[in-house]
Amino acid sequence: MATSHKPLLQFRGYSIPRHYHFSNLLVLAVAVAVLMISSANAFVPTSYYSKNIALPSGGIAEPSQLSSTSLAGIGSVVSRIRDSVTSKERSRDDLKIGIAGFYDRSSKLWEEVWGEHMHHGYYVPADRTDHKQAQIDLIDQVLQWAGVPEPNGENGADLPKKCVDVGCGIGGSSRHIAKKYSCTADGITLSPYQAQRGNELAKEQGLENLCKFQVADALDQPFKDNTFDLVWSLESGEHMPDKKKFVNELFRVATPGGRIIIVTWCHRDLKEGEEGLTKKEEKLLAKINRAYYLPKWCSVDDYVQILKENGAVDIRREDWSYIIAPFWKAVIKSSLNFKSIVGLLKSGFSTQRGAYAMLLMLRGFNLGLIKFGLITCTKPYEME
């Protein structure tokens, strides 16, 4: 008798196989319940649960004596609910605050589960299960693809000496590159927690003289022109509200002849005759944007055009979506245990919403809408 391969459950493009153990399904059910309860609580003001309201003078006011400040707070909650339901696009200031807060709250949980590398893995072969090593391999494979020489190769004189990691997370890539090439690495992030943790890990690993991390805006970097011969941005470009200014800054801080590497999530390239994505595609991306504090997406084609406008040479691009594809399911599977659920519950609403959005990301990937793009180029020695 043939075995049925019909999924036990399908949710917005993500399938849960029939062979899943009951305990895993129970944990998943608990996770969904936690997300629903936390999502509801996140929008209800604390004062709602109290019969009496404390006044600044120390007295107690009856509910009927709510101040205008309390009413304003309720209005803010209503506004948040409306914006979330409609997936309203955030302003640049709101994005900066939201990104910093999101990573301040979620980075500790990620490190506990996945370690110091806050990015995807390199899945060749596709069935590999050494996920943390796959993350390290992604860094090495991207460097090789971009033409950065190996330390023991013939082009030793061309090895990077000064690297900047734009959107560094807790500094996993920076420290790996610093150890690999014995170069300095400066990392910038909007998250104070990530910058502090990056410096702590650098000291623990004996790399404090090579690696430094600070809070800074990628669109207004605190570095002089022509400073770094390796400009590295791994999965941070999607957070940039002004892609042109982002690329301009990468170009500005690169030395003449320096290598620029951008690895980022993009939407698919538009087909000939298309003026934009479909409404259905835009709606899906808007939901992801609300969860991950992202602005509007762009395509790899858009990045290439901006680089050409900057006078970049040796521009190359590639789609590695298929190479990182197994990572999403590995992350989702890693959350199906009680320890991860407890950590998720403690991490707060924004992290919980981000966990739910992984299903939306997987759906976008399966639809061919979301692409994992690699772009590299060099800054010419003589600018026209």
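What follows is a chat about strands, helices and a cavity in a predicted model.

Visitor: Hi! Which ground rules apply to this model?
Guide: Residues are numbered from 1 along each chain as its sequence is written, and side-chain values use heavy atoms, with hydrogens and water left out. Since the model is predicted, local features need pLDDT of at least 70 and side-chain atom pairs count only at pLDDT 80 or more, while totals for chains, interfaces and linings use all residues.

Visitor: Good. How many residues of strand β5 are buried?
Guide: Four of its five residues (162-166) are buried, so β5 is largely enclosed by the rest of the structure. Buried means under 20% relative accessible area, exposed over 50%, and partly exposed in between, with a 1.4 Å probe and protein chains only. Strands (E, at least two residues) and helices (H or I, at least four) are DSSP runs, numbered from the N terminus.

Visitor: Which way do β5 and β6 run, parallel or antiparallel?
Guide: Parallel, with five bridges joining β5 to β6 (residues 184-189). Strands pair if DSSP finds at least two bridges between them. Asp-165, for instance, has Gly-187 in β6 as its bridge partner. The chain goes from β5 through helix α5 (residues 172-181) to β6, and this β-α-β crossover is right-handed. Right-handed here means that, with the strands pointing away from the viewer, the path from the first strand over the helix to the second runs clockwise.

Visitor: And what joins β5 to β8?
Guide: Three bridges do, and β5 and β8 (residues 228-234) run parallel. Val-164 has Val-231 in β8 as its bridge partner.

Visitor: Let's follow β8 along. How many bridges does β8 share with β9?
Guide: Six, in the parallel sense. Ser-233 stands opposite Ile-262 in β9. Between β8 and β9 the chain passes through helix α7 (residues 243-253), in a right-handed β-α-β crossover.

Visitor: How many residues of β9 are buried?
Guide: 12 of the 14 are, so β9 is largely enclosed by the rest of the structure.

Visitor: In which sense do β9 and β11 pair?
Guide: Antiparallel, over nine bridges, with β9 covering residues 254-267. In β11, His-267 has Ile-370 as its bridge partner, and Trp-265 has Phe-372. Strand β10 (residues 313-319) also runs antiparallel to β11, joined by five bridges, and Arg-317 stands opposite Ile-375.

Visitor: How many residues of β11 are buried, then?
Guide: Eight of the nine residues (370-378), so β11 is largely enclosed by the rest of the structure. Gly-373 has its place in this strand and is buried, with a relative accessible area of 2%. The C-alpha atoms of Gly-373 and Cys-266 are 6.5 Å apart, although 107 residues separate them along the chain.

Visitor: Changing topic: how many cavities of 30 Å³ or more are there?
Guide: The structure holds two. On a 1 Å grid over the protein atoms alone, a cavity is a set of points where a 1.4 Å probe fits but cannot get out, and lining residues have an atom within 4 Å of a point. Grid points are joined across faces, edges and corners, and a volume is the space filled by probe spheres set on the points.

Visitor: What lines the second largest cavity?
Guide: Glu-238, Lys-243, Trp-265, Cys-266, Trp-297, Cys-298 and Tyr-303 line it, and its volume is about 30 Å³. By class, the lining has five nonpolar, no polar and two charged residues. Ala, Val, Leu, Ile, Met, Phe, Trp, Tyr, Cys and Pro count as nonpolar, Asp, Glu, Lys and Arg as charged, and the others, Gly among them, as polar.

Visitor: Where does Cys-298 lie?
Guide: In the loop between α8 and α9 (300-309). Cys-298 counts as buried at 9% relative accessibility. Cys-298 and Lys-243 are 55 residues apart in sequence and 8.1 Å apart in space, C-alpha to C-alpha.

Visitor: How many residues does α8 have?
Guide: 14 (residues 279-292), reaching 20 Å from the first C-alpha to the last, close to the 20 Å expected at 1.5 Å a residue. The expected span is 1.5 Å times one less than the number of residues. Buried residues of α8 include Leu-284, Leu-285 and Ile-288. After α8 comes Tyr-293, with a positive phi near 55 degrees.

Visitor: Last one: what follows α4?
Guide: Gly-147, whose phi is positive, near 90 degrees. Among the buried residues of α4 are Leu-138, Ile-139 and Trp-145.

Terms used:
On a 1 Å grid over the protein atoms alone, a cavity is a set of points where a 1.4 Å probe fits but cannot get out, and a pocket is an open set with protein on both sides within 12 Å along at least five of seven lines; lining residues have an atom within 4 Å of a point.
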